[in-house]
Amino acid sequence: MSRAAAELGLLACGTCGLVSRAPAAAGAACPRCRTRLALRKPGSLARCWAYLVAAVALYVPANTLPIMYTSSLFGSSEDTILSGVLFLWDSGSWYLALIVFLASIVVPLAKIIALAALAASVQLGWRGHRAERARLYRLIESIGRWSMLDIFVVALLVALVQLTALAAVRAGPAALAFGAVVVLTMAAAQSFDPRLIWDAEQRAA
């Protein structure tokens, strides 16, 4: 069985990736970038769960409250993300409706569920499918780089509304909640330490 880097006295910097000998003193800094070194991210699971709970709390209002208000001489209306998806679908723009639905509803929810499953598996000490769970985390992290696509499709949804010169559109409360969900899921992914997935194997050995 392969040995962990910590067992060999090696430590990788979380910022620049430099691998060096683990310092004897706690709180030592990386020789290259001077970032504080630690065998594992301090409070990784606690911070990950905190961000996920906050993201779940904001996910519901982000999809149920109005994302924008539209007013004109002919009246006013308010739209949620889902009503925008239905509007695009009914107008024949099914491809745009699919993009908005995936990026604004499916992807954030999938990230929350996947991160919660990873955190729970580590907390419960599961030892199975470690490689698959590590690949799942890398997938979540790569998706996180494109999380602002969610904000982009909301802006695209606003731009697609047919407005006259006397019409006005403004963001609703769901816009703030939606942006917060994006930031919180990214923070949860960054807080989770994937090396914890392999620690269960080392403890069992």
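The exercises below work through aromatic pairs, salt bridges, helices and a surface patch in a predicted model.

Residues are numbered from 1 along each chain as its sequence is written, and side-chain values use heavy atoms, with hydrogens and water left out. Because the model is predicted, local features need pLDDT of at least 70 and side-chain atom pairs count only at pLDDT 80 or more, while totals for chains, interfaces and linings use all residues.

**Exercise 1. Classify the aromatic pairs of the structure and state how covered their residues are.**

Step 1. Rings of Phe, Tyr and Trp (its six-membered ring) pair if their centres lie within 6.5 Å, and planes under 30 degrees apart count as stacked, over 60 as edge-to-face and the rest as tilted. The structure holds 2 such pairs.

Step 2. For Trp94 and Tyr95 the ring centres are 5.9 Å apart and the planes stand at 85°, so this pair is edge-to-face. Tyr95 is partly exposed at a relative accessible area of 45%, where buried means under 20%, exposed over 50% and partly exposed in between (1.4 Å probe, protein chains only).

Step 3. Tyr137 and Phe192 lie 5.5 Å centre to centre with 45° between the planes, which is a tilted pair. Tyr137 belongs to helix 4 (residues 130–144), and Phe192 to the loop between helix 6 (173–191) and helix 7 (196–204), so that the pair links parts of the chain 55 residues apart; helices here are DSSP runs (H or I, at least four residues), numbered from the N terminus. Tyr137 is buried at 3% relative accessible area, and Phe192 is buried at 0%.

**Exercise 2. Find the salt bridges and describe the surroundings of each partner.**

Step 1. A salt bridge requires a side-chain nitrogen of Lys or Arg within 4 Å of a carboxyl oxygen of Asp or Glu, and the count comes to 2.

Step 2. Arg135 and Glu132 meet at 3.7 Å, N to O, and, being 3 residues apart in helix 4, they are separated by about one helical turn. An α-helix has 3.6 residues a turn, so residues three or four places apart point the same way. Arg135 is partly exposed at 45%, and Glu132 is partly exposed at 41%.

Step 3. Asp193 and Arg195 form a salt bridge at 2.9 Å, N to O; Asp193 is buried at 1%, whereas Arg195 is partly exposed at 29%.

**Exercise 3. Identify the helices that supply the nonpolar surface patch.**

Step 1. The patch includes Leu86, Trp94 and Tyr95 and has about 890 Å² of accessible area together (Shrake-Rupley method, 1.4 Å probe). Patch residues have over 30% relative accessible area and no salt bridge, with like charges joined within 9 Å and nonpolar side chains (Val, Leu, Ile, Met, Phe, Trp, Tyr) within 5 Å.

Step 2. Helix 2 (81–90) and helix 3 (94–123) each supply at least two residues; Leu86 lies in helix 2, while helix 3 gives the most, with 6 residues.
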